[in-house]
Amino acid sequence: MKFSINASVFASVLKQCARVASRKGGTAETHVLIGVEANELTLIAQNGSQQIIRRVRTSSLVVEAQGHICAAAQKMEQIVSAMPGDRDVKVSLSDEKLVITCARSRFSLATMNVDSFPLIKVSTPVAEFKVNAANLRDSGKSVAVCCA
């Protein structure tokens, strides 16, 4: 697996996934499943009761080699968020380690086997709909205090 993507785009998607991933150490649910194919980057995170799947198609995504791997969601989000947003982040798999580079920064993260990642299977969608993003955001803000 080897790809590059704009740091701000990658950080935004990782932040959403890291919020869902479990924070309890030592479990597979603390990881994010990263998949890259042709012109699409897929990130999946879950915590046992919730699962988020984000698919990214952007002109800044350049795929050199396809593949899938799992890495620690929180750590990866921290690393990518600290990188300059106007630069490209290069992600590659080398000797069972995920190597993240941007400008002069280079990080190496331990990985987990893709087969160990616990996916929540959904056989058929219950419902499918479209909502204006601004309306959804405003609606969520008005009831967020009730979710505490």
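Arg55 is exposed, at a relative accessible area of 52%, where exposed denotes over 50% relative accessible area, buried under 20%, and partly exposed the range in between (1.4 Å probe, protein chains only). The model is predicted, so that local features are given at pLDDT of at least 70 and side-chain atom pairs at pLDDT 80 or more, whereas totals for chains, interfaces and linings use all residues. Residues are numbered from 1 along each chain as its sequence is written, and side-chain values use heavy atoms, without hydrogens and water.

Arg55 is paired with Glu40 in a salt bridge, with 4.0 Å between the closest N and O atoms; a salt bridge is defined as a side-chain nitrogen of Lys or Arg within 4 Å of a carboxyl oxygen of Asp or Glu. The pair joins distant parts of the chain, with Glu40 in strand E3 and Arg55 in strand E4, 15 residues apart. Helices (H or I, at least four residues) and strands (E, at least two) are DSSP runs, numbered from the N terminus. Glu40 counts as buried, at 17% relative accessibility. Glu40 and Arg55 also belong, with Arg57, to a network of salt bridges.

The count of salt bridges comes to 4. One of them connects the side chains of Lys2 and Glu64, at 3.7 Å from N to O. This pair likewise links distant parts of the chain: Lys2 lies in strand E1 and Glu64 in strand E5 (residues 62-65), 62 residues apart. Lys2 is partly exposed, with a relative accessible area of 39%, while Glu64 is exposed at 56%. A further salt bridge is formed by Arg137 and Asp138, whose closest N and O atoms are 3.4 Å apart. Arg137 is partly exposed at 47% relative accessibility, and Asp138 is partly exposed at 42%.

The buried residues of H1 are Ala7, Phe10, Ala11, Val13, Leu14, Cys17, Ala18 and Val20. Their cover includes strands E1 (2-6), E2 (31-37), E3 (40-46), E4 (51-56) and E7 (88-94), together with helix H2 (73-81).

Glu77 is located in helix H2. Glu77 is buried but has no salt bridge, and Lys15, the nearest side chain of opposite charge, is 4.4 Å away; Lys and Arg count as positive and Asp and Glu as negative, with His and the chain ends not counted. With residues up to four places away in sequence left out, Glu77 touches Leu14, Lys15 and Ala18, contact being heavy atoms within 4.5 Å.

Asp95 is placed in the loop between E7 and strand E8 (97-102) and is exposed, with a relative accessible area of 74%. Ala103 is in the loop between E8 and E9 and is exposed at 52% relative accessibility.

Phe129 lies in the loop between strand E9 (105-112) and helix H3 (133-143) and is exposed, with a relative accessible area of 65%.
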